[in-house]
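Hi,

Here is the structure I promised to pass on. Have a look, and my notes follow below.

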Amino acid sequence: MSSNLIPDRIKKIINPALLKTSAYQVKDATGLIKLDAMENPFSLSNEVKSSLADALAQAPINRYSDPDAKQLTSTLRGYWAVPEHQDILLGNGSDELIQLVLMSLLGRGPVNVMSVEPSFVMYKKITEALGLNYIPVDLKDNFEIDDEAFLNAISMHQPSVIFLAQPNNPTGNLFSEDLILRVLKEAPGLVVIDEAYGQFSSREHLYLLEKHQNLMIMRTLSKIGLAGLRIGALIANKDWLCQLNKVRLPYNINVLSQIAAVHLLSIPHMLDDQVSQLTQERQRLMQRLSESGKWQVFPSQANFVLIRSLQEDATQVYQRLIDEGILVKLLHGSHGLLNQCLRLTVGLPEENNQLLASIL
Ligand SMILES: *Cc1c(COP(=O)(O)O)cnc(C)c1O
């Protein structure tokens with residue numbers, strides 16, 4: 001949907017910040033090997049397909065879904081070992097939870113929302129769509145946080161919320177634990193650590209909830225294999241989540257997603273084994289790419305690898321890959337620090353081989 005020419009009758013009504021932005025773009029991947037969106041590439045076995053079909057066939061789709069998704073919440077509590085005294089609030093993807101967090105800030109006058117850049121674009125998009133102020137702090141050129149600049153920005157802008165993706169998307173790295181602790185100490189408001197890729201990384205942050213009342217941990221089932229179900233979760237103290245729960249629309253997790261997620265998470269090891277295979281494939285991809293000398297490879301703790309082209313123009317490589325049937329993410333042009341960069345989602349071994357054959 002193009003919005004180049006916005007009629008006056010619309011312009012005078014719609015939020016001015018919204019008029020200036022554009023909708024989230026998703027490239028059509030029909031017929032392509034899809035290595036652009038950090039999905040898990042494994043498909044379900046026939047056995048699992050058929051047990052899932054049986055479970056879904058029993059779904060009471062004439063009824064509203066359980067508004068509290070009790071069974072799924074309790075399955076997730078077990079799967080992630082969330083302590084009893086922490087609460088879990090589910091969203092239709094973690095995108096919806098970012099929106100809930102930000103909506104709960106409206107009505108207090110000017111509100112600042114802080115994150116680093118480059119990072120996950122939805123923090124900025126939703127902040128701006130809601131008319132709140134987005135304060136980005138640029139990472140250093142090695143994609144580490146500039147600790148002093150970040151802490152100064154906190155003290156200057158007094159953000160109501162700070163979003164930190166750990167590992168960060170699209171850079172793949174974890175920031176230092178020491179910095180995270182300092183942010184938790186200095187933040188005047190809420191800190192959301194977004195662990196969309198936590199299971200691929202060497203560090204998770206659930207343990208910090210005990211000591212830090214201003215922290216929420218955000219997780220999702222999307223990157224470990226269930227992107228189509230749209231299940232995200234906030235884990236935090238009840239006092240926070242009961243406020244956010246007032247903004248949540250009832251029945252936000254549909255009945256089929258609740259049943260499917262409970263069913264698939266209850267199959268021992270299935271998703272965890274896939275996560276560990278993908279983590280190994282990531283190491284192989286990174287190694288092959290760095291040996292080639294054609295790419296600068298940034299260290300990754302996620303199911304994707306950020307690379308910078310050292311020879312050919314990245315946009316041309318991206319186009320050539322599409323011609324050869326492979327879709328990756330072109331980051332060149334999206335932020336100054338991402339010059340000549342592509343982001344490769346780790347795929348199946350044979351997909352990764354095809355990718356390597358095309359770009360090495
Ligand atoms: C993919 C991603 C999300 C969104 O996940 P959904 O649960 O599918 O909405 C959130 N945060 C980061 C950092 C991501 O990369």
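By a nonpolar core I mean a set of buried Ala, Val, Leu, Ile, Met, Phe, Trp, Tyr and Cys residues joined through side-chain atoms within 4.5 Å, where buried is under 20% relative accessible area (1.4 Å probe, protein chains only). This is a predicted model, with local features needing pLDDT of at least 70 and side-chain atom pairs 80 or more, while totals for chains, interfaces and linings use all residues. Numbering runs from 1 along each chain as its sequence is written, and side-chain values use heavy atoms, without hydrogens or water.

The largest core has 87 residues, and Leu72 and Phe150 have the most contacts inside it. H12 gives the largest share, seven residues. Helices here are DSSP runs (H or I, at least four residues) and strands likewise (E, at least two), numbered from the N terminus. Beyond its neighbours within four places in sequence, Leu72 is in contact (heavy atoms within 4.5 Å) with residues including Leu90, Ile231 and Ile253.

What does H12 (270–292) pair with? Its axis comes within 11 Å of that of H14 (349–359), crossing at roughly 10 degrees; axes are lines fitted to C-alpha atoms over the stretch in contact, and angles run from 0 to 180 degrees between N-to-C directions. The two are therefore roughly parallel, the word for angles under 35 degrees. Among the residues making the contact are Arg284 and Leu285 of H12, and Leu355 and Ile359 of H14.

Lastly, His212 sits in the loop between strands S6 (190–194) and S7 (215–220) and is buried, at 18% relative accessible area.

Cheers

Conventions: Parallel < 35°, antiparallel > 145°, perpendicular 65-115°, else oblique. Buried < 20%, exposed > 50% of the residue type's maximum accessible area, 1.4 Å probe, protein only.
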